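Open the model in a viewer and keep the selection tool to hand. The tour below goes from one selection to the next and says what is found at each.

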Amino acid sequence: MNSKYGIVTGASRGIGSAIAEKMASEHVNLALCCEKNIEKLNALAEDLKNSFQIEVLTYQTDVGNPDSISEMADDIKNHFPRIDYLVNNAGISYVGLLTDMSREQWDRMISVNLSSIFYMMKEFVPGMVHEKNGSILNISSMWGTAGASCEAAYSATKGGVNLLTRAMAKELAPSGIRVNAVAPGCVDTDMNAVFSEDEKKDLCEEIPLGRFATTDEIADAAWALMNLSYVTGQILGADGGFL
């Protein structure tokens, strides 16, 4: 069996953790990073190594900081011969009126949710081009298509993720590299813990499937999309029919 190597950002919890587990179950050696929950990430790494006999590297990385990404990337390149899968999952949210948002909060949202994908591509796309192979998967959101009241900045960053995905798919296709995105709807994660039970109930009434997605369901969609050999530049809606 040929060894495969992948990276997942924001992998300590939620969708990122579920994607890491899915990739590990498919025997992909992993480099995982998070900004704050390094103990949780290290525990996940140990579980994946023991369960699937793969190599797992962990990093405490601020993906909104290009210097932090460069330091991580240098170490990954020293350990892995190439990267087959790059999953840009890390993201933050802000719920509130745009006029109540500070400039610092806006800048942070842009850097973590959008600029981080540019930083990661700068580091790892050249190696993929050299190999003439690779799959990049960005985690977007249905709000990147529809926009959400009181989540204007978040929606703007995810809209940017969508167009960056489509543009880079065209740019990298001649090198055999596919670039796609999954745009989840409402998912049962810590990020959505800001909503009350009544608010979640109201949201579920707007979802044709009548419930939030599980992180495993999003991970399954992500893994499938990453491995479709003739699909690139696509934004896969995983929103239960919401849009």
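## Stop 1: a salt-bridge network

Select aspartate 220 to begin: with a relative accessible area of 41%, this residue is partly exposed. The model is a predicted one.

Lysine 22 belongs to helix H1 (residues 14-25) and aspartate 220 to helix H8, so the pair ties together parts that are 198 residues apart in sequence. Lysine 22 is partly exposed, its relative accessible area being 23%.

Glutamate 26 has a relative accessible area of 36%, so it counts as partly exposed.

## Stop 2: aspartate 62 and arginine 108

Select aspartate 62 and arginine 108. These two form a salt bridge, and their closest N and O atoms are 2.9 Å apart. The pair links distant parts of the chain, 46 residues apart: aspartate 62 sits in the loop between strand E3 (56-60) and H3, while arginine 108 sits in helix H4 (residues 103-131). Arginine 108 is partly exposed, at 27% relative accessibility. The count of salt bridges comes to eight.

## Stop 3: aromatic pairs

Clear the selection and turn to the rings. How many aromatic pairs does a search of the whole structure find? The search finds four, and two of them are visited here.

Select tyrosine 5 and phenylalanine 80. Their ring centres are 4.8 Å apart and their planes stand at 50°, so the pair is tilted. Tyrosine 5 is in strand E1 (residues 4-8), and phenylalanine 80 is in the loop between helix H3 (66-79) and strand E4 (85-88), so the pair ties together parts that are 75 residues apart in sequence. Are these residues buried or exposed? Tyrosine 5 counts as buried at 12% relative accessibility, and phenylalanine 80 is buried with a relative accessible area of 4%.

Next, select tyrosine 85 and tryptophan 223. The centres of these rings lie 5.2 Å apart with the planes at 50°, so this pair is tilted. Tyrosine 85 lies in strand E4 and tryptophan 223 in helix H8 (residues 215-226), so parts that are 138 residues apart in sequence are tied together. Both tyrosine 85 and tryptophan 223 are buried.

## Stop 4: a negative patch

Show the surface and select Asp198, Glu199, Asp202, Glu205 and Glu206, which form a negative surface patch. Glutamate 199, one of these residues, is in helix H7 (residues 197-206). Glutamate 199 is partly exposed, with 40% relative accessible area.

## Stop 5

Most residues other than glycine have a negative phi. Two exceptions follow.

Select glutamine 53. Its phi is positive, about 55°, although the residue is not a glycine. Glutamine 53 is in the loop between helix H2 (38-52) and E3. With a relative accessible area of 63%, glutamine 53 is exposed.

Then select lysine 132, which is not a glycine either but has a positive phi of about 55°. Lysine 132 is in the loop between H4 and strand E5 (134-139). Is lysine 132 buried or exposed? At 53% relative accessibility, lysine 132 counts as exposed because the cut-off for that class is over 50%.

## Stop 6: two distances to draw

Select alanine 153, found in helix H6 (residues 152-172). Alanine 153 is buried, its relative accessible area being 3%.

Finish at glycine 237, in strand E7 (residues 235-238). Glycine 237 counts as partly exposed at 48% relative accessibility. How far apart are the C-alpha atoms of glycine 237 and methionine 101, and what separates them along the chain? The C-alpha atoms are separated by 28 Å, and the residues are 136 apart along the chain.

Terms used: Residues are numbered from 1 along each chain as its sequence is written. This is a predicted model: local features need pLDDT of at least 70, side-chain atom pairs count only at pLDDT 80 or more; totals for chains, interfaces and linings use all residues. Side-chain values use heavy atoms; hydrogens and water are left out. Patches are made of residues with over 30% relative accessible area and no salt bridge: like charges are joined within 9 Å, nonpolar side chains (Val, Leu, Ile, Met, Phe, Trp, Tyr) within 5 Å. Accessible areas come from the Shrake-Rupley method with a 1.4 Å probe; for residues, only the protein chains shown count as cover. A salt bridge is a side-chain nitrogen of Lys or Arg within 4 Å of a carboxyl oxygen of Asp or Glu. Lys and Arg count as positive and Asp and Glu as negative; His and the chain ends are not counted. The place of a charge is taken as NZ of Lys, CZ of Arg, CG of Asp or CD of Glu. Helices (H or I, at least four residues) and strands (E, at least two) are DSSP runs, numbered from the N terminus. Buried means under 20% relative accessible area, exposed over 50%, partly exposed in between (1.4 Å probe, protein chains only). Rings of Phe, Tyr and Trp (its six-membered ring) pair if their centres lie within 6.5 Å; planes under 30 degrees apart count as stacked, over 60 as edge-to-face and the rest as tilted.
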